[in-house]
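Good morning, and thank you for the time. I shall present one structure, beginning with the terms that I use and then turning to its elements and contacts.

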Amino acid sequence: MLQEQIPDLAKYVEPDRVRREVYTDPDIFELEMQRIHERVWIYCGHETQIPKAGDYYTVQLGRQPMLMVRASDGKIHVLYNRCPHRGNMMCGDRKGNAGDFFRCSYHAWTFQHDGRLRSIPMMESGYAGTRFGKDNPDCSMKRAARVENYRGFVFASLASDGPSLQEFLGASKVAFDDMCDRAPEGEVEIVPNCFRVIQHSNWKIFLENQLDALHPSVTHQSTGRAAHEVEKMIAAKAKKGEAPLSYHMLSAFATVTIDKWDAFQTLNYPYGHCILTGYMGLRPQDPDTLAYDKIMIAKYGQKRFEEIVNVNIHHVLIYPGLSVQSPLQQLRAVRPLSVDRTLTEIWHFRLKGAPEAIYRRSLAYYNLVNSPSTLVNADDLENFWKCHQGLSSNGGDWVTFGRHLGRDIDKNGVVETAPNCGTSEAPMRNQMKAWAEYMRG
Ligand code: FES
Ligand SMILES: [Fe+2]
């Protein structure tokens, strides 16, 4: 039915432009959920969100309410948050501990942490001779078709076929390597609460913005300029003439101008993933950084330490649901709710074994740049809403992605932006290329 309504997706996507209905048509949204979000590997959460047996955390994958749960043997399972009896949601809280097993609040069917039916009250008297009982898999909670964990980051796919998680991630797994390698113990730990923001715009508008190097010096200029003024005042008063790094996190939006952004590069990979190379100086020579460096050198040796801290990444986009800023231990997960509503979860992490001051740095970036209370985020949210409003009008049919078209360099399927083309719209072209491939089924 849906396919009859959308007979030729190719007419919606051209190499340099996309029809506006791609962002506003509820039928296209439904098809996206079927063919993209409920098929590919989607980030569920970090294993440290559920450290103990029975711990669970709810998460939305496509349109499906799911549970990520830790079993007694330590294994992590991802289950549909639904009782097989009459469909009651198994866990109504966002997170918690199920105890030794799940127990449905409606008629007390119980289930193991891996979803298998454990007991039905009065099973013999009520169900003898019926199809209902322990041997019928329909009486167990349904599991996500596939669950995999990469360095503590748990992903699930609701389709039984498709590439493995590592094949899917490809080069974009550097996001997790970069984050974990920066920890003296080689692991990160999630800070177990996140900001949740519901954006009144289509999910793709957020993802397209993540590696849009053209917008920061325009959209965030006023925020950056105000921070830069304060930074200069603080620096003038400081003994060594330097303001703390947190001022730089905001002032960079003014001091890194469009011509400087052009000097950076995006690398665009299969499946829609993209990397934006680094632009922020994150290695000041303050006592906190030096203390961290000392611990890292003791752990890894000078050579490996240099390799780790010189990984030059600002941002990794793992299409279609994750935006990671590994050097500052941040990530944002995208959960589409409807064609014009998108939930983002904004998380940050601790580097295991690193001094508290390094965590405070990550927290500062989290609050100053990515939280709902910062002007940076507000600037973006306003654009997202305005984009969705404009695209809902009859003022034009196309969204255009033509900047630096034709200058991309294709190296065996990896598209690099040419020198001084950092503000290219190649990442958006790459995302829409992947979108069209997924949507063709
Ligand atoms: S709906 Fe869960 S036990 Fe009845
Ligand atoms: Fe922005």
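Helices (H or I, at least four residues) and strands (E, at least two) are DSSP runs, numbered from the N terminus. With that convention, Glu47 lies in the loop between strand S3 (42–46) and S4.

Two remarks on the source. This is a predicted model, in which local features need pLDDT of at least 70, side-chain atom pairs count only at pLDDT 80 or more, and totals for chains, interfaces and linings use all residues. Residues are numbered from 1 along each chain as its sequence is written, chains are lettered from A and ligands numbered from 1 in the order in which they are written, and side-chain values use heavy atoms, with hydrogens and water left out.

I return to Glu47. Is Glu47 buried or exposed, or partly exposed? Buried means under 20% relative accessible area, exposed over 50%, and partly exposed in between (1.4 Å probe, protein chains only). Glu47 has 25% relative accessibility and therefore counts as partly exposed. Contact means heavy atoms within 4.5 Å. Apart from neighbours within four places in sequence, Glu47 is in contact with Arg70, Ile76, Asn149, Gly152 and Val154. Between Glu47 and Ile76 there are 7.8 Å in space, C-alpha to C-alpha, and the two are 29 residues apart in sequence.

Asp138 and His85 are 53 residues apart in sequence, with a C-alpha to C-alpha distance of 9.0 Å.

Helix H6 (residues 174–181) has 7 of its 8 residues buried, so it is largely enclosed by the rest of the structure. Among the buried residues of H6 are Phe176, Asp177, Asp178 and Asp181.

I now come to the aromatic residues. Rings of Phe, Tyr and Trp (its six-membered ring) pair if their centres lie within 6.5 Å; planes under 30 degrees apart count as stacked, over 60 as edge-to-face and the rest as tilted. The whole structure contains 15 aromatic pairs. In one of them, the rings of Tyr57 and Trp347 have centres 5.9 Å apart and planes at 65 degrees, so this pair is edge-to-face. Because Tyr57 lies in strand S4 (residues 55–61) and Trp347 in strand S20 (residues 341–351), the pair ties together parts that are 290 residues apart in sequence. Tyr57 and Trp347 are both buried.

Phe195 and Tyr366 form a stacked pair, because their ring centres are 4.9 Å apart and their planes stand at 20 degrees. Phe195 belongs to strand S14 (residues 195–199) and Tyr366 to helix H14 (residues 356–370), so parts 171 residues apart in sequence are tied together. Phe195 is partly exposed at 26% relative accessibility, whereas Tyr366, at 4%, is buried.

Finally, how do helices H7 and H16 meet, and which residues take part? Trp203, Lys204, Leu207 and Glu208 in H7 meet Met428, Gln431, Met432 and Trp435 in H16. By class, this contact has 5 nonpolar, 1 polar and 2 charged residues, where Ala, Val, Leu, Ile, Met, Phe, Trp, Tyr, Cys and Pro count as nonpolar, Asp, Glu, Lys and Arg as charged, and the others, Gly among them, as polar.
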